[in-house]
Amino acid sequence: MHRRTFLKATTVGGAVALGFDVSKARAEMRELKISRTTETRSTCPYCAVSCGVIIHTLGDKAKNVKAAVVHVEGDPDHPISRGSLCPKGATLKEDIVHRNRLLAPKIRRPGSDHWEDISWDEAIAQIARHIKDTRDRTFVAKNARGQVVNRTPGIAMIGGCTDTNEFNYLQWKVITALGVPYRDSQARV
């Protein structure tokens with residue numbers, strides 16, 4: 001038995017036991033807006049607290065149909081947040097479905113006054129080029145006392161709370177190999 005079914009049965013049963021006429025209430029009962037949705041459990045991406053969320057999507061799961069997010073709520077079974085969300089987490093649905101949400105990488109070229117879309121391949125290539133150039137320009141092999149330090153103080157890195165342990169492990173290995181001393185991860189929860 002599901003929790004909502006139990007609560008409905010308990011409420012109706014209690015009302016009948018106390019002698020209330022529930023026929024009008026039964027006539028007003030309607031299907032919940034999330035009854036036909038698919039529940040997906042996820043983690044709120046905004047801070048290191050990592051609150052649990054349930055994202056409700058509506059779609060018939062056909063091959064060419066994109067499911068639409070219709071509701072986001074706190075996950076009452078999540079051990080950290082137990083169903084509560086801060087204001088940013090509570091508005092997560094609006095961030096997902098907002099008409100101005102960025103769906104492609106953008107770049108503002110030198111001297112330009114507007115942003116333009118670029119492909120993911122171009123974005124990744126430019127990021128790699130910037131990392132390589134910054135590392136070459138700021139790499140420090142030895143400190144003032146002549147000790148080998150092999151660090152790149154021109155780059156910093158921060159990981160997100162929704163990253164998996166495996167991703168964070170690989171990310172830290174790459175950042176360490178690049179010699180990046182300034183790093184942090186929100187995955188310490």
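Tutor: Let us start with H78, which sits in the loop between β3 (68–74) and α3 (87–90). Helices (H or I, at least four residues) and strands (E, at least two) are DSSP runs, numbered from the N terminus. This is a predicted model, in which local features need pLDDT of at least 70 and side-chain atom pairs count only at pLDDT 80 or more, while totals for chains, interfaces and linings use all residues. Residues are numbered from 1 along each chain as its sequence is written, and side-chain values use heavy atoms, with hydrogens and water left out.

Student: Is H78 buried or exposed?

Tutor: Buried means under 20% relative accessible area, exposed over 50%, and partly exposed in between (1.4 Å probe, protein chains only). H78 has a relative accessible area of 16%, so H78 is buried.

Student: What does the side chain of H78 reach, and which residues is H78 in contact with beyond its neighbours within four places in sequence?

Tutor: A polar contact is a pair of N or O atoms within 3.5 Å; within protein, one must be able to donate a hydrogen and the other to accept it, and residues adjacent in sequence count only if both atoms are side-chain atoms. Here the H78 side chain reaches the backbone nitrogen of I80 at 3.2 Å. Contact means heavy atoms within 4.5 Å, and, leaving aside neighbours within four places in sequence, H78 is in contact with S50, C51 and G52.

Student: How many disulfides does the structure hold?

Tutor: A disulfide is a pair of cysteine sulfur atoms within 2.5 Å, and the structure holds zero of them. C44 is in no disulfide, and the nearest cysteine sulfur, that of C86, is 5.8 Å away. C44 is buried, with a relative accessible area of 6%, whereas C86 is partly exposed at 37%.

Student: In which sense do β6 and β7 pair?

Tutor: Two strands pair if DSSP finds at least two bridges between them. Strand β6 (residues 140–142) and strand β7 (residues 148–151) pair in the antiparallel sense over two bridges, and V140 has R151 in β7 as its bridge partner. The two strands form a hairpin with five residues between them, and G146 in the turn has a positive phi of about 85 degrees.

Student: Where does R183 lie?

Tutor: R183 lies in strand β9 (residues 182–185), and R183 counts as partly exposed at 33% relative accessibility. Its side chain makes a polar contact with the side chain of T176 (3.0 Å).
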